[in-house]
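Subject: Structure handover

Hello,

Here is the structure for you to look at. My notes on what turned up in it follow below.

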Amino acid sequence: MKFHIFGDTDNPLVDVTLGKGEKITIESGAMAYMQNVNLEGQLNSNGSKGIGGLFKALGRSLASGEGLFITTAEGASDNGRIGIAPAVPGVVRRLEVGTDQYRLNTGSFLACDASVTYNIKKQEGLGKMLFGGTGGVFVMETAGSGDLLVNAFGDMVELEVTPDTPMVIDNEHVVAWDTKLDYQIKAASGVIGFKTGEGLVNEFHGSGKVLIQTRNVHNLANALIPYMPTSTSSSSN
């Protein structure tokens, strides 16, 4: 995938060039502009079609928070071009999939080569099923080889985990992590973190990296609640 990122880290736009017949997969609704490119929307069913594909796409959507549809962009000539933009303001980063595979948090996927796919994997153990933003019982996991673009809310930081230094990370800040890593759910402190307000966190073990975002969408939403207008019902005479 040949691309260039325009704008600053808060409001990036990714400009992708495509050769004739070259395809990429993008998050539904991410297209900002295109030239000599054909778009095709399809069920997010990982190749399954018909009624079975519909139920698989619906299951993926309910289980992981993904959209029901996914978009394929294909170059119609040797100078195809498409601009894609994340839904939230924040940095976009390229991950090389192949030797390393990743699990993705909800909302972090932006685009990937046609040679990269992602599957829904069932998580084992009650603790992992409680893993907040990743869909609970299921989690997204990459497969294949090629380029994958992920986006964050705010900036993105890479944290290294080693066998001697496990890392505790708030669920809402996780963007992606190595499939080689294991993790355990736990309360930050007290009863589900009530003493500190942190709630559930994950402790990653093993060797690998975790990408985190510097901002938390839910914290922002909660901070704005006091300033949101409330509807009032008028009484009839």
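**Salt bridges**

The structure holds seven salt bridges. The term means a side-chain nitrogen of Lys or Arg within 4 Å of a carboxyl oxygen of Asp or Glu. This is a predicted model, where local features need pLDDT of at least 70, side-chain atom pairs count only at pLDDT 80 or more, and totals for chains, interfaces and linings use all residues. Residues are numbered from 1 along each chain as its sequence is written, and side-chain values use heavy atoms, with hydrogens and water left out.

Take Asp15 and Arg81. They form a salt bridge, with the closest N and O atoms 2.6 Å apart. Asp15 lies in strand E2 (residues 13-18) and Arg81 in strand E7 (residues 80-84), so this pair ties together parts 66 residues apart in sequence. Helices (H or I, at least four residues) and strands (E, at least two) are DSSP runs, numbered from the N terminus. Asp15 counts as buried at 7% relative accessibility. Arg81 counts as partly exposed at 34%. Buried means under 20% relative accessible area, exposed over 50%, and partly exposed in between (1.4 Å probe, protein chains only).

Next, Glu158 and Arg93. Their closest N and O atoms are 2.5 Å apart in a salt bridge. Glu158 sits in strand E14 (residues 156-161) and Arg93 in strand E8, so the pair ties together parts 65 residues apart in sequence. Glu158 is partly exposed, with a relative accessible area of 36%. Arg93 is partly exposed too, at 26%. Salt bridges link Arg93, Glu158 and Lys209 in a network.

Asp147 and Arg94 also meet through their side chains, at 2.9 Å from N to O. Asp147 is in strand E13 and Arg94 in strand E8, so parts 53 residues apart in sequence are tied together. Asp147 counts as buried at 10% relative accessibility. Arg94 is partly exposed, at 40%.

**The chain as a whole**

The protein chain has three helices and 19 strands. Buried residues make up 40% of its 237 residues. Among its contacts between residues at least 6 apart in sequence, 76% join residues at least 24 apart. Contact means heavy atoms within 4.5 Å.

In soluble globular proteins, nonpolar side chains tend to be buried together. The largest nonpolar core here has 18 residues; Leu95, Leu104, Phe109, Leu148, Val150, Met156 and Val175 touch the most other members. Strands E8 (92-97), E9 (102-104), E10 (109-113), E11 (116-122), E13 (146-151) and E16 (174-178) each supply at least two residues of this core. A second, separate core of 15 residues includes Val14, Leu18, Ile24 and Val92. A core is a set of buried Ala, Val, Leu, Ile, Met, Phe, Trp, Tyr and Cys residues joined through side-chain atoms within 4.5 Å.

What does Leu95 contact, leaving aside its neighbours within four places in sequence? Its partners are Tyr102, Gly146, Asp147, Leu148, Val150, Ala176 and Leu211.

**Aromatic pairs**

There are four aromatic pairs in the structure. The rings of Phe109 and Tyr118 have centres 5.1 Å apart and planes at 55°, so the pair is tilted. Both residues are buried. The rings of Tyr183 and Phe204 have centres 5.7 Å apart and planes at 45°, so this pair is tilted as well. It links distant parts of the chain: Tyr183 in strand E17 (residues 182-187) and Phe204 in strand E18 (residues 200-205), 21 residues apart. Tyr183 and Phe204 are both buried. Rings of Phe, Tyr and Trp (its six-membered ring) pair if their centres lie within 6.5 Å; planes under 30 degrees apart count as stacked, over 60 as edge-to-face and the rest as tilted.

Ring pairs link Trp177, Tyr183 and Phe204 into a cluster. Trp177 is in strand E16. At 0% relative accessibility, Trp177 counts as buried.

Asn36 has a phi near 55°, a positive value in a residue other than glycine. Most residues other than glycine have a negative phi. Asn36 sits in the loop between strand E4 (31-35) and strand E5 (37-43). At 36% relative accessibility, Asn36 counts as partly exposed. Leaving aside neighbours within four places in sequence, Asn36 contacts Glu74, Gly75, Ala76, Ser77, Asn79 and Gly80.

Best wishes
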